[in-house]
Amino acid sequence: MLKIKEGSVVHWAVRVACVLAIAIFIVYIPTHSETARIGQFASAFTLIIAAMSLNLVLGYTGQISIGHSAFFGIGGYTAAILIRDHGWSPGYTFYAAAIIAFIVGCLIAMPVLRIRGAYLALVTLAVAVLFPTLLRWKKLEWLTSGAKGIDSVKYDKLPVWPFLGELKGRDGRAVFAYWLGLLVLVIAFLICRGLIKSRVGRSLIAIRDNETAAAVMGVNVTRTKVLIFGISASLCALAGVLSTLSTGVVTPDGQYVTLLGSIIFLLIMVVGGAGTLSGPIIGGLVYVWLDNTTRGIGTDSRGVVGFIFGWTNQSPATLILGLALIVIMLFAPTGLVGLFRKLSRRIVTIEPQGQ
Amino acid sequence: MSLLQTTGLRASYGQVDVLLGIDIEVNQGEMVVILGANGAGKTTTMRAVSGTIPRSGSIVFDGHEIVTQNAESIVRLGIAHVPQGRGTFSDLTVEENLRIGAYIRKDSVESDIERWFETFPRLGERKSQKAGSLSGGEQQMLAIARALMSRPRLLLCDEPSLGLAPLVTQELFGVLKSLNQQEGLSVLLVEQNANLALKIANKVYLLETGQVVASGDAESIAGDERIRRAYLGG
Ligand SMILES: Nc1ncnc2c1ncn2[C@@H]1O[C@H](COP(=O)(O)OP(=O)(O)OP(=O)(O)O)[C@@H](O)[C@H]1O
Ligand SMILES: [Mg+2]
């Protein structure tokens, strides 16, 4: 087994190598891949942000929320309405969406977070179920355009970013969505990281571990829970804005606006590793990869897949995706990050300084 | 001078009344012990003082009426609570546990951390270890050190000896005693072991089903016939 001293030259070399590899990968994708692949990464970034936001509430603070699809939808609709009806420049809709979702998040959290466990899950579940219905409501049609949703809200003219050069056409849109998504993802990551590494982050974990003990340390449990729920809601809304800007449409049936969205965010978080900073990133990439790989599997498949699923007349894609996720969770109950840590510890150990 | 004074302190869980009017006084610099059988209401009394359960009556701490205050403001006033069963945060490291003990403080806490690592070297050796991986004794030390990080004037300590080996208990009580005698920290301690309690206490309250049934200085309590029979085995 390899032993590396923390802060030693080797340790730094490994770190630098990792950062370089990631940087090369990040630049390689939008410059050397086909448009569809670039688009997949852009949607992965969106999902990662949503899962990160849920992670703050569920992973770190231990509060169950199945209502995050509604915050995603609030973001998506805020962007669409402001751009279509009020002629806003798309960039500014991020701020508006974040503020609106923060307020709505806090308003929902205030009465709800006093209850615990399964009840909280039920109330947020109701929020997720009601939200699309609200969007379809006749009396709100002037705002939401009802069941048909809002379309063509993309950037009219893509902004010119210095290092990207001029972007045009379908390819250009995908490349722009990629970089915009990455930018928001990095910002969201830094916000989460800043929160988690600070005194706030410690108080979140303390609340998750033992609420009463956290209270006697002087942590205002209710206020902390409400605020973190609001922050989480506004991060999730950023993901919604991104989704609207890159796809150009938002409807009440959109996958991530409905209950299914909440479940997907939850899955990504758990598969990646709840309560870890990198968990949602790994989970999001794996989810989008699996989703796209299995989606190609049709009723005409041959070989093992054809043999097992040949009897259906529907594509088994969703079923296979679901099974794959179950298998991952069985083998990595603490998420892929947890599994990775366990395995890597067998090969390399980092010895803390001064021992 | 009276630091903490409860008068007619009552508390209940739902419909069940648990504290039926408790009068307890802790003077500045005293070590006061609450004795009592299982279910007598000792833990409930501590919770009522630290503001983690609804309660009524009067609790005056350092001239402030705190019966209407929440847990957060009570910590700020200078009361730290070591809950029964320790309540250390198992997913945080030992050092992070100490830092959260100082949650209400805005000044630098490094010297305090150093200090408690010196007092409890075993914690210092394990400072980056998750608190959940510590032994019971180490967790109890951590819980006490964590509470002291807020620099309280009154320490509420709920059965710190629970489940600990006699030697570890002695070590802990030694630390509490020296904090009390050398630094004038006032302590309100719950303890089931009467022999131990009487050795360390200035004053003892005996609780039975939510009421104080006897109180006095350690010697007079030790001499009390009822107490000898019920708690000292003879
Ligand atoms: N959270 C709770 N909900 C309902 N009843 C409770 C709760 N906590 C304690 N009680 C009840 O209140 C009474 C007093 O409990 P308390 O924990 O204060 O006793 P104690 O003197 O600390 O006992 P022990 O020595 O066993 O710790 C008991 O009858 C107990 O069943
Ligand atoms: Mg008790």
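Which helix of chain B gives the most to the shell around ligand 1? Helix α1 (residues 42-50) of chain B does, with four residues, where helices are DSSP runs of H or I with at least four residues, strands are runs of E with at least two, and both are numbered from the N terminus. This is a predicted model, in which local features need pLDDT of at least 70 and side-chain atom pairs count only at pLDDT 80 or more, while totals for chains, interfaces and linings use all residues. Residues are numbered from 1 along each chain as its sequence is written, chains are lettered from A and ligands numbered from 1 in the order in which they are written, and side-chain values use heavy atoms, with hydrogens and water left out.

Among the 14 residues around ligand 1, B:Gly39, B:Lys42, B:Thr43, B:Thr44 and B:Gln192 come nearest, a residue being near if one of its heavy atoms lies within 4 Å. Taken alone, ligand 1 exposes 640 Å², of which the protein buries 59% (Shrake-Rupley method, 1.4 Å probe).

Chain B also holds an open, antiparallel sheet of four strands in the order β2-β1-β4-β5, two strands being paired if DSSP finds at least two bridges between them. Because β2 (16-27) and β5 (64-65) of chain B stand at the edges with a single partner strand each, one side of each is left without a neighbour in the sheet. Two bridges join β4 (residues 55-61) of chain B to β5(B), and B:Val60 has B:Glu65 as its bridge partner in β5(B).
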